[in-house]
Amino acid sequence: AGGRRRPAATPGSQREAAPAAGLVTEAEGLRLHLAAGTATGYAGVWTTGKVARPFEAVAGGKRIGRFASVVDAAVCYARHLESGPAAAREWLAACDAKSAEAQRADSDKKREEAVASCAGKGLQTEYKGVQLHLAPGSKTGYAGVWLNGRGSGYRVALEQNGSRRDLGRFNDVLEAALAYAQYVQGRAAAATAPPAAAAAAGFFLPYS
């Protein structure tokens, strides 16, 4: 029987079965290969124990690819048997692109929800023409901006390698959020610019 992270058997060594309840027998114009008694119900498809991609397609003892959907993994296996490794790789690339698009959509949705949450709390998303980095769950509402523990005001700090690097102190929270946003913006520019150009533009080199 199939189990977690066991290599798949070669084609034909897993017993074809009548479709169990809930199993898809055809997808993408292909007949999927069923396997009675396995963990997934499909020949050549095994569980990985991974949250993001819990299924893998394996043929000839070699992994073809990992997938978020058991059906996608079964399609990959069927493609490999019927059209060869190139067709299986093509399907894997298509699934990877679909997964990346879904992640982008989820990220965009979360960003929109965060902006709406911040707007409801009176936070600004932009200041002096610069996009601010919001953190709705923090005490200030802005990423990189902390309450000054030694008195009134705010301090800007960069969290890196488990420690905080102090970038300055401000009386106004928006000025503090602006300083952090400009710092992040400057680091991004410096990372892609030639050293001489980065230095000439003053891209926060002391903090790099």
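Close-up 1. Two strands are said to pair if DSSP finds at least two bridges between them. In this predicted model, β3 and β4 pair in the antiparallel sense, with 3 bridges between them. The bridge partner of W46 is E56, which belongs to β4.

**Close-up 2. The open sheet of 3 strands, in the order β3-β4-β5.** Pairing within this sheet is antiparallel. β3 (45–47) and β5 stand at the edges with a single partner strand each, so one side of each has no neighbour in the sheet. From one strand to the next, the twist averages 35°.

**Close-up 3. Helix α1 against the sheet.** α1 packs on the sheet and touches β3, β4 and β5. The direction of α1 makes about 15° with that of β4.

**Close-up 4. The largest nonpolar core, with 24 residues.** The residues with the most contacts inside this core are L32, Y42, A57, F67, V75 and C76. At least two core residues are supplied by each of β4 (55–59), β5 (62–67), α1 (70–83) and α2 (85–120). The largest share, 7 residues, comes from α1.

**Close-up 5. The surroundings of L32.** When neighbours within four places in sequence are left aside, L32 is in contact with V24, T25, E26, A27, Y42, V71, A74, V75 and A78. Among these contacts, Y42 and V75 are also listed with L32 as residues with the most contacts inside the largest nonpolar core.

**Close-up 6. Another core, of 18 residues.**

Definitions and conventions
Residues numbered from 1 in each chain as written. Predicted model: local features only at pLDDT ≥ 70, side-chain atom pairs only at ≥ 80, totals over all residues. Heavy atoms only, no water. Core = buried A, V, L, I, M, F, W, Y, C linked by side-chain atoms within 4.5 Å. Buried < 20%, exposed > 50% of the residue type's maximum accessible area, 1.4 Å probe, protein only. Helix = DSSP H or I, 4+ residues; strand = E, 2+ residues; numbered from the N terminus. Contact = heavy atoms within 4.5 Å. Axes fitted to C-alpha atoms, helices over the stretch in contact; angles between N-to-C directions.
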